[in-house]
Amino acid sequence: MTDKPLISARDLSVHYPMRGNVLGPKQVVRAVEGVNIDIERSNFYGLVGESGSGKTTLGRAMLKATPITHGDVTYDDGQVRYNLSTLKGAELKDYRSRAQLIFQDPYAALSPRMTVRDIIAEPLEVMGLTKSREETDQRVREIAAKCRLNLEHLRRFPHAFSGGQRQRISIARALVSRPQFVVADESVAALDVSIQADVLNLLKSIQQDMGLTFLFISHDLSVVAHICDHVAVMYLGRLVETAPTRDLFAAPQHPYTKALLSAIPSLDPDDRGKAQKLEGEIPSPTNPPPGCKFQTRCPFAIDICRTLEPKLEKSGKEHDVACHRWKELMEE
Amino acid sequence: MTRLLEVDNLTLQFDTDEGRITAVDDVSFALDAGQVMGLVGESGSGKSVTAKALMKLNPGNAVYSDKTKITLHLESGSVDIMSLRNSTEMQVVRGGAISMIFQEPMASFAPAITIGDQMVEQLLIHTKLNKKGARELSIEMLDRVGISDAAMRFGQYAFELSGGMRQRAMIAMALSTKPKLLIADEPTTALDVTIQAQVIDLMKDLVTDFGMGIIFITHDLGVIAQTADHVAVMYLGRIVEQGSVRDVIRTPAHPYTKGLLAALPNLHDLDSPLVAVPGDIPSPLERPSGCVFHTRCSVALAGRCQTEIPRFSNVSANHRAACHLVETKGGI
Amino acid sequence: MTDAPNMDVNVNQKAKDAYFTASQGQLIWTRFKKQKAAMVGAWILVVLIISGLFAPFLTPYDPTIAGRDKTYQNGAPQLPSFCDENGCSWRPFVYTYERERSIKTNFRWVNTVNIEKRRYMQFFVQGDEYTLLGLGFSTHLFGVDTGKVHLFGTDSTGKDILSRTFHAINTSMAVGTIGVFISFVLALIIGGVSGYYGGWIDSGLQMVTDAVRTIPAIPLFMALAAFIPDTWSAEMRFFFISIILGFIGWPTLARRVRTHLLTERNQEYVLAAKLCGASPGHIIRRHLLPSFTSYIIVDLVISFPYMVLSETALSFIGLGLKDPVNSLGVMLQSVTSADVLLNYQWYFIPVIFFITLVLAFVFVGDGLRDAADPYSDTKK
C-alpha cells in the first residue's frame, strides 16, 4: 500500500471553446484553471463551490468524462498507473471500471425503459466483468442489498420509485463494478432533507465498508462538513482553499470561504444580522476579472489583488490557501 | 396588527386518471400584515398547492371541499376567495392584492419580451398609471431591489441577467403593484448560497418598508429561521406543527419536525451523526390512514396513530402540534 | 378526510405491482385505451384493414373487367330488403332490373325494376376465382342466385363498385405500407447517423435531406410516368410507384429521428452508459432506439394517410396506378364528367370509405402521440 495519493491533478485546466465569432479572437470558457489537487486513498474528499466554480467540470475531468486541455491527472491505485491526459483505448476502458460517477438528478440518470436489474447490471455487461448471467445476477443482488434495495425492486422500472430510492439505484449502478474512485456530483442536492441524511449515511457506510475513495461535489457546505474528511473550495475555476474539514470550518482563511460559511442561514432565529454579506454577483466564466478572481466581491481587496493572481500557499498542516493577505487577515 | 388573511379548513383534491388524490387536507392558518409566515415541507407536502389555492391557480381538475374558506381582508373590504368564480373576478386579487414569486425566475419571465415591458404590462392591468408612469415606477422598483443601472436593465431580456438578478427583478415586478400579500414559492432554492443571503435580506427589508405579509414557502428550515415570524410544518397535505419560529425550531413537539431538524447537517456540531427520518415519503396515491406520518414515525402508538387523525394540541401559547403523543402528554 | 382504509389490500397491491413492473409498451397501451376517440379510430382501422385484406372473399365479384356485369351498367345501388308488398322472407332479396331501349326512351338504355322477380341473396357462394396468400379460392361471402347483385352500384362498364372499393382499400394500404416502410428505413439510417454523430456529418446530411424534401412531386411523377415503359405489368407499376413514394417521403421522418436522437443522446443515462465504456452500438441499441420507438411509431402512423392521399392524387391525375389495378385514385378518374356528378352519384361511395380510413389513422396517431410519453408526469 503506497502512501501516494490515489488520484492527483497538476496544473489541470479545462477550457471550452465558445461558439460564435469565426473572425474575432477565439473565446474560451475557463471552466477549470490551474488546479492542483491530491486525493488520498479511502479519503472522503469534498469539493464545494457555487455556480460557475467549475467543480462539476473538475469532477468529470478526473473521470476523463470531459477532455483535459492542459495539465496532468495521475491515477495510481497500486495495480495500475494511468495518466489521464493520454489515456485511451483498452486502458481507458479499464479505467472506467475503476472510476465511476454518481449523478445529481435521480430522474434523468436512470433509463426509464430498463428494469432496475438491467440498469445495475449494465456496467458489468458492458465492461465484460462477469462470465455468466448467474454471476451478474449475483453481483447485482449483492450491491443492491448493500444499497438497501430488495429483490422485489429489481424487477421494477424506475418510474415506480421515489427520488431517494432512485438515487440508491444510481449508487448501486456506480458501485457494481467495484471501483476504487467514485465521484458523487451533487448526489443529494435533489433529495428532500429527510432522505438526504439517509443517502449520506449510506454513502459513508459503503465507503468505509468497501474502502472507496470519494470525491464529493456539493454546493451545500453543511452537508460537506458532516461527511467529508478533507474539503477544497473553488471559485471561478480556481482552488481558493483546501484543508481538513475541521480546520476549514473552525478557522477558514480565505475571504470567500469565510463569506460562504457565514451566508449559510443559521437555524438559530436569534442569529440574524450577524452574517457577513457579500455584495455583487459572481463574474461570468467567459470574462473573468484580472488578478484574483474574487477581487470584485472581496471586502479586503487591495491593489495587488487586482493585478496578480495568488497561488496556493501552505498556511498550516495540510491547509492551503490562495490569497495575498491571508496572514494579515488571520491576525486581525 | 391588522389581520390580512384567514385560511380555514382548506381541503383540495385532484381528479386524476388514478383516482382522487388528496393534495391538501384541512389546512388552517392566519396571517397579519407585516408578518412573514413560513410554510415548510418536503415534496408532496402540499405547500405549493396551498399557496396557489390562495389565488386559485391550481389546475382545472382541482376540487375544493365545501368547508374551505379563504378570506382576504383588504382596505376595500373582505374578499371570500372561494366565491370568486371566474378569471375576471380573480384578476383583482391576482397580481393586485396578492403577488407571487416563483422558484425559477427564468420560467416566469417571458423570454422574448423585455423585463421592462412585462413590468409595465402588469402595472397597466392593475393600476391606473399610464405607460410613462408605469415605466418610472418599474425603474424605481428595480433600483429598490438592488439592481444597479436599473434604467438599462429595464430594457433587457431575462436571459441577459444572472440568476440572482432575475430573482430580484421578479421581486420588483411582484411588488410594483403594492400587493398586500406576497407569496414566495421557493424563491431562493435555485440560487447560490451567497446570493440567497442577499435576497433574503432584501425581502425582509421590503416587509418592513411596505408593510406586507409574506408567505414564504421552502423546504429549508435555515432560511425560515432567518426570515419568518411564524412557521407551519406540512407533511402530505396536513399541517403537523404550527407556531412562532422560535418555539417550533427550538422546542419542536411533533416527531416529524424533530426528525427534520435532526436530519439537518448542523455546522455547530460536526461530530453528531446525521439522523435520517426512516422510510420514504409515501406517494399521494398511498396516503396512510389515521395520522399521515405514522408510517415513518419512530414513536408511533400502535393502534391509535394508525386509525385516528390527531387534532391540534397546544404546546404553548403560540405553538401547537397535531400528534397523539403531544395530546396525551397534556398541553396547556 | 383521508382515503378509506378498507380497500382490498390484495387487489390494490396487484394493481400497483402491475404499474411498477409495466414496461414502456404496456404503459403506453394503458394510456391509449383511455382515449375514446383513439380507441374508436383503432377499431375502425382494424375493421377496414381486415376488409381490405380479405376483400376478395368479402366482395362478390372480380373488380376488374373480367367481373363486370354487362346487363347493369351505370346501375344504381341495389339495396337488399326483407319485406315488400308480396310478403316477407327470411333471406334478403333484390329485384331484377331489366334493361330496355326503345324509341320511347330516346334509345338510351333504361333500367326498370321488376318487383315480381326476386333474386335471393345467398351466402358463401361460389364465384369468380381469386388468390389469397398464394392459394386459390372461389368462395365469396355473399351473392345472388341469378345474375349479380351490386350493393354500391356499378360504373360505366358494369364493374361492381363494392368489390372495387374494398380492393382499392387493399391496394392503397399496400402502397402506403411499402412506401412508409421504405421511408422509415431510409429515415432511420440517415436521421440516425445524423443525430448520433452531429457535427459536420449532421450538417452534410441535413443539406441532402433538405434537397430531397424540395423535390416537387408532380413534375417528378410526370417525368417518371413518361419513363415507365408500357410493357410493365400493373404489379410492377404498383411497386414502382410505392418505392418512389417511399424515396421522397423520408426527409420528414428523418428530421424527426434526428431531433429525437439529438435530445436523447445528451440525457444523463446515456452519459452513464458512456462512462461504463459502452460502444456507440450498445448505446444506440439499448438506450436511444427504445427511447424513441414510441415517437417513431406515432410518426409512422401519421405518415400513412399522407402516403395514401399522395397515391390517390397521383393516380387521379393519371400519373400513378392504372387499370386494372384498383385504387381510390383510379376509381376517381372517371368521376370528373358532369354526367357522373349529376346522375351517378354512387361513384362517390368509395370516397366515404377513404375519408373514414384517413380519419381513423389520424385519430389513432393523435391518440398514440398523447399516450406516447408515459414518463412525463413522474417527476415530482
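In the predicted model, 38 residues of chain A are in contact with 47 residues of chain B, contact being taken as heavy atoms within 4.5 Å. Between them, chain A and chain B bury about 3600 Å², with 55% of this area on carbon and sulfur atoms; buried area is the accessible area (1.4 Å probe) that two parts lose on being put together, summed over both. Residues are numbered from 1 along each chain as its sequence is written, and chains are lettered from A in the order in which they are written. Local features need pLDDT of at least 70 and side-chain atom pairs count only at pLDDT 80 or more, whereas totals for chains, interfaces and linings use all residues, and side-chain values use heavy atoms, with hydrogens and water left out.

One salt bridge is found across the interface of chain A and chain B, a salt bridge being a side-chain nitrogen of Lys or Arg within 4 Å of a carboxyl oxygen of Asp or Glu. This salt bridge links A:Asp268 to B:Arg250, with the closest N and O atoms 2.8 Å apart. The elements that give two or more residues to the side of chain A that touches chain B are H6, H7 (193-210), H8 (221-227), H9 (245-250) and H10 (255-263) of chain A, helices (H or I, at least four residues) and strands (E, at least two) being DSSP runs numbered from the N terminus. H7(A) gives the most to this side, with seven residues.

The contact between chain A and chain C takes 32 residues from chain A and 28 residues from chain C, and the area buried there is about 2700 Å², of which carbon and sulfur atoms give 58%. On the side of chain A, A:Tyr107, A:Arg113 and A:His159 lose the most area to chain C, together 25% of what that side buries. Two salt bridges are found across this interface, and A:Glu125 forms a salt bridge with C:Arg286, the closest N and O atoms lying 3.8 Å apart. Helix H2 (89-98), strand S6 (99-102), helix H3 (116-127) and helix H6 (163-175) of chain A each give two or more residues to the side that touches chain C, and the largest share, six residues, comes from H3(A).

Within chain A, strand S1 (residues 7-17) runs antiparallel to strand S4 (residues 70-76), to which five bridges join it, two strands being paired if DSSP finds at least two bridges between them. A:Ala9 has A:Val73 of S4(A) as its bridge partner. S1(A) also pairs in the antiparallel sense with strand S2 (residues 28-39) of chain A, over eight bridges, and the bridge partner of A:Leu12 in S2(A) is A:Val35.
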